[in-house]
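Let's take a walk through this structure together.

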Amino acid sequence: MPLGAGSLGRLVDLRDGVIERVSAQLDEIARALVAGFAERDSLGVLPDVAGLFSAGTSTAVPPDGIRFAGLSTALRLNPAYDPAAGGDAFRVRDAGSGGAAYVANPSGSAGFAEHVIELGRRLSAARSYDVSAGVDARGGPAAYAEAAAADLAQGLQQASADHEARAAVAARAGDALARAVGISLDEEMATMLQLERSFQASSRLLTAIDDLYRVLIASVGAA
Amino acid sequence: MIRPTMIPTSLVSAESLRSIGRAQQDLARAEVELSTGRHADIEGHLGARLGASLAIRREQEHLEAILASNAVLKARIDGSEAALASVSSTVERVAQALIGTSGDHADAETIATLAGDGLAAIAAALNVSIDGVHLFAGLNTDQPPMSDYQSESGAAARSAVASAFSTTFGMPLDDPGIGSIEPADMAHFLEGAFADLFGPAAWSAAWSQASEQTSRHRISPQELVQTSISANAPAIRDVFRGMTMLAGLNMSRLNPGARAEVIESAQTILSEAVGGLTALRADLGGVAARIDAAGSRIEGSQRLLTGLLSAQEDVDVAEVANRIARLTRELEAAYAITARLQRLSLLDVL
């Protein structure tokens, strides 16, 4: 048995290994969401700004390919898009939270769909992810999330195969231990019977000797 | 003394107890599989293949959403088609009235009234909306594209016509002197200043709120198509040009020659417009056919995806039923053996 095979060791593994890996993947999914919904300068000069989702209160878009630690918990709806926070939900159609240069629908036409179509395209477009998160995926956030789920399921499958193997080892070890230190009631019973018999035999012998003495003493007394 | 190797009493039933536990777990899983038809532990069963399974589900949802939006598009196209059909029949009714006319004063009054009512009917037909979306408004789907020429909303168009008229002939439309306009001058006006009122820029300024552009919609994962027709289409501009000639030039006051010029010109334009409307309707029909074709393609893909998903996730129900029967037998045997072993003890015999 390797060191750290006990439950405490595995719980530490879970905390430092599995959970860390999954949270890196969640951060990457969140980053892909921020980047996928980002608004672009129509002239291509200014940097992208956060669209529907933003990284905390910042409107900057985190750079591609590098994990932004803690983004999955900092991810939030961009206030500029949220009517409850004084924003405008029509920015999903028109963009423009970053200023006039980012407006996709300058005339404000109600039937304008090009920006939404473009968002759909960008969300499924290839993008690069931090390799340290342990998932090899190239697509949009949905494809990355699928790969992350597959990664977790693979770990689960591995763990349950491990568990089965170890359970069998544990059962065999338990059997061996019982063989080594356990007792058979039948055997003990047989031994007990033997002891009983020899006790009976011994007591018979004593009785016989006692009889001998009694006869002897009676004979001597009578003479 | 030679004694047989005895095994510890605790071991006698340990193995059968373990197999009872295993069989009970398997049985519970099999019962879940039998009732859901899917593997009880999808993640553990698929492992790394889970990603493929999730991707199939996402694709299915995408296709489902496209089908739902196609149904809405189909309703809009049907609505547009019906509106164009009614525009077309209104135009034809007016055109028929023109064929039989003698061109005298009374006829001119009738035709002008007919054309004025026609303009109102056409504007109403083009302002049709479904779920708040004005079908002919291009991208400005939140506002009705056309105004009624003879009512208050048509003031901009009326004044555009009036000023073009007075600029050309040096007198307003209601001037009694318009009877003196020469047929040749009238023909020149209709081809020149009056026709310019229906050019793209003037049209958007005075007549139509619609945008030139129409929106594109995704009708299948690969196809984006224009599914609507803007009220700025040339055929529709021609309809208004022909009808406004008849309704808005105070035709009954013109001299017979000029009046004949107006009627003839309107006839030509309206017959071209009807042809243009038919072409627009054919375009819509083409889009509707593409949507239908996309729908049946999508349904084909859905069947394929459902098959793939079921191959990944579903269990063979007959196999599960068999497994349950086998596990039940095993479990019964294990119970029987355990009970019997427990009874086999010297303690009971002594």
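## What lines the pocket

Before we start, keep in mind that this is a predicted model. Let's begin with the lining of the largest pocket: its residues split into 20 nonpolar, 15 polar and eight charged. The space in this pocket comes to about 1100 Å³. A total of 43 residues line the pocket, and those closest to its centre are Val116(A), Ile117(A), Gly120(A), His62(B) and Arg218(B).

Which elements give two or more residues to this lining? In chain A they are helix 4 (114–124) and helix 5 (141–181), and in chain B they are helix 4 (50–100), strand 2 (133–134) and strand 3 (216–218). Helix 4 of chain B provides the largest share, with 12 residues.

## Two helices in chain A

Now look at helix 1 (residues 7–36) of chain A, whose axis comes within 8 Å of the axis of helix 5 of chain A, crossing at roughly 165°. Angles over 145 degrees count as roughly antiparallel, so helix 1 of chain A is roughly antiparallel to helix 5 of chain A. The crossing of this pair is left-handed.

Who's touching whom? Helix 1 of chain A brings residues including Val18(A), Val22(A), Ile29(A) and Leu33(A), while helix 5 of chain A brings, among others, Tyr144(A), Ala148(A) and Leu152(A).

## Helix 4 of chain B and its partners

Back to helix 4 of chain B, which lies with its axis 9 Å from that of helix 5 (residues 105–126) of chain B, at an angle of about 175°. That angle is why helix 4 of chain B counts as roughly antiparallel to helix 5 of chain B. Among the residues in contact are Ala83(B), Ser86(B) and Arg93(B) of helix 4, along with Ile111(B), Leu114(B) and Gly118(B) of helix 5. Here the count is 12 nonpolar, three polar and one charged.

Helix 4 of chain B also meets helix 10 (residues 234–248) of chain B: their axes come within 11 Å and cross at roughly 35°. This crossing is left-handed. On the helix 4 side you'll find Leu84(B), Val87(B), Thr90(B), Val91(B), Val94(B) and Leu98(B), and on the helix 10 side Ile236(B), Val239(B), Met243(B) and Leu246(B). How many charged residues does this contact have? None: it has nine nonpolar residues and one polar.

Note on methods: Residues numbered from 1 in each chain as written. Chains lettered and ligands numbered in written order. Predicted model: local features only at pLDDT ≥ 70, side-chain atom pairs only at ≥ 80, totals over all residues. Heavy atoms only, no water. 1 Å grid on protein atoms, 1.4 Å probe; cavity = no way out; pocket = protein on both sides within 12 Å on 5 of 7 lines; lining within 4 Å. Points joined across faces, edges and corners; volume = space filled by probe spheres on them. Helix = DSSP H or I, 4+ residues; strand = E, 2+ residues; numbered from the N terminus. Nonpolar A, V, L, I, M, F, W, Y, C, P; charged D, E, K, R; others polar. Axes fitted to C-alpha atoms, helices over the stretch in contact; angles between N-to-C directions. Parallel < 35°, antiparallel > 145°, perpendicular 65-115°, else oblique. Left-handed = near helix turned anticlockwise from the far one by under 90°. Contact = heavy atoms within 4.5 Å.
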